[in-house]
Amino acid sequence: MLMIFVLIFSWLPNPDIGLLPIFPHWLGEWTNKNKNLRTAVPFVFLGFIGPFLPLFSNKSIWTRAMLVLVSLLFLVSMAEVGQLLLPRRHFDWGDIGWGMAGTLLGMLPALAIQQLVLKKKTL
């Protein structure tokens, strides 16, 4: 579901989410000041939950990490490519970089937790 929201908000005609009634004004101001950083935020959450998804559960930790990275790289790239079709939006390599930084930031604790659980199971 969060992945769908990433695409929806990436493809809004106006990038100012503060104009939407579901967001408080202060959040809109923050996202306008931190344009690339706002891309990283949902990817931190996606990066954290990705390795726990059942789709990846029978894979090794490093295979899970690579699958999550590739999947979320595809998502952030699709979000950026879709912006090429919107007159007030633009493709930004920085957003792809920030999306991947958020993904890694979220994945690190998730993979550490999984590694600890695996070690505990083998004891």
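**View 1. The crossing of helices H1 and H3 in the predicted model.** The crossing of H1 and H3 is left-handed, in a model that is predicted. Helix H1 spans residues 2-10 and helix H3 spans residues 37-49, and the two pack at an angle of about 160° with their axes 10 Å apart. Because this angle is over 145 degrees, H1 is roughly antiparallel to H3.

**View 2. Residues that meet between H1 and H3.** From H1, the residues in contact are Leu 2, Met 3 and Val 6, which meet Pro 42, Phe 43, Phe 45 and Leu 46 of H3. Sorted by class, the contact of H1 with H3 consists of 7 nonpolar residues, with no polar and no charged residues.

**View 3. The buried residues of H3 and what covers them.** Within H3, the buried residues are Thr 39, Ala 40, Pro 42, Phe 43, Leu 46 and Gly 47. The elements that cover the buried residues of H3 include H1, together with helix H4 (61-83) and helix H5 (93-122). As background to such a pattern, an α-helix has 3.6 residues a turn, so residues three or four places apart point the same way.

Conventions: Residues are numbered from 1 along each chain as its sequence is written. This is a predicted model: local features need pLDDT of at least 70, side-chain atom pairs count only at pLDDT 80 or more; totals for chains, interfaces and linings use all residues. Side-chain values use heavy atoms; hydrogens and water are left out. Axes are lines fitted to C-alpha atoms, for helices over the stretch in contact, and angles run from 0 to 180 degrees between N-to-C directions. Helices (H or I, at least four residues) and strands (E, at least two) are DSSP runs, numbered from the N terminus. Angles under 35 degrees count as roughly parallel, over 145 as roughly antiparallel, 65 to 115 as roughly perpendicular and the rest as oblique. A crossing is left-handed if the near helix is turned anticlockwise from the far one by less than a right angle, and right-handed if clockwise. Contact means heavy atoms within 4.5 Å. Ala, Val, Leu, Ile, Met, Phe, Trp, Tyr, Cys and Pro count as nonpolar, Asp, Glu, Lys and Arg as charged, and the others, Gly among them, as polar. Buried means under 20% relative accessible area, exposed over 50%, partly exposed in between (1.4 Å probe, protein chains only).
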